[in-house]
Amino acid sequence: DPGHGGNDPGAIGPNGVQEKDVVLNITLKVAKYLRKDNFKIYLTRDDDTFIPLKRRAVFANEKEADLFISIHCNASKNKGAQGVRTYIYDRIASSKEAAETAKLENKNAGALEMLLNDLRKGAFEYLSIEAAGNVQHCLVKNLRLKWEPTERAPFYVLANTSMPSVLVEAAFISNPQEEKKLDDDEFREKIAKGIADGIMEYFSKLK
């Protein structure tokens with residue numbers, strides 16, 4: 001699930017790089033790696049189209065997906081913030097930064113049916129933690145970054161999915177250095193490979 005799209009650019013870096021373009025490119029690369037390994041991939045969007053948050057989750061539910069991965073770029077008022085993060089759903093954010101990230105990504109969401117979602121997501125919590133941990137581990141290894149633990153936050157797009165689900169924030173577009181990296185195809189390829197490797201690692205452990 002590449003975040004944003006169409007009239008919703010997502011976060012915009014100080015030099016004008018738009019989140020919606022970066023994450024679409026990364027997602028298409030992730031799909032390429034996984035299809036080579038015979039995974040069946042469904043994309044919520046494969047072009048510059050705006051898809052409402054709820055429709056993304058409904059799409060995943062209709063396809064009866066085994067895992068939902070939403071791909072984004074992070075943004076912070078702190079221009080020095082850097083690194084990749086993985087998140088799973090929880091009604092209460094695990095940190096101030098996680099709460100701010102969820103608020104940013106939820107801005108086009110309608111009313112939150114949180115009680116129903118809490119009951120639904122509880123069944124998939126353990127597998128979501130596993131998937132997020134595998135993706136984070138492979139991203140950190142691939143990009144040679146400092147380890148950051150998986151965080152929790154009330155992301156609307158995760159709340160509405162009926163399967164294990166993870167949201168990946170693939171570097172801070174608000175950081176000028178990371179924005180420059182995100183605009184580089186080689187760096188996006190490394191991110192995509194890290195996400196794909198993490199997904200493959202997760203499913204290999206389920207066998």
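Q: Which orientation do α5 and α8 have to each other?
A: This is a predicted model, in which local features need pLDDT of at least 70 and side-chain atom pairs count only at pLDDT 80 or more, whereas totals for chains, interfaces and linings use all residues. Residues are numbered from 1 along each chain as its sequence is written, and side-chain values use heavy atoms, leaving out hydrogens and water. Helices (DSSP runs of H or I, at least four residues, numbered from the N terminus) α5 and α8 pack at an angle of about 140° with axes 7 Å apart, the axes being lines fitted to C-alpha atoms over the stretch in contact and angles running from 0 to 180 degrees between N-to-C directions. Because angles under 35 degrees count as roughly parallel, over 145 as roughly antiparallel and 65 to 115 as roughly perpendicular, α5 and α8 are oblique.

Q: What volume does the largest pocket have?
A: A pocket is an open set of points on a 1 Å grid where a 1.4 Å probe fits, with protein on both sides within 12 Å along at least five of seven lines, and lining residues have an atom within 4 Å of a point. Its volume is the space filled by probe spheres set on points joined across faces, edges and corners, and for the largest pocket this is about 490 Å³.

Q: Which element gives the largest share of this pocket's lining?
A: The largest pocket is lined by 23 residues, with Lys40, Ile41, Tyr42, Ala65 and Leu67 nearest its centre. At least two lining residues each come from α2, α8 and α1, among others, and the largest share, four residues, comes from α1.
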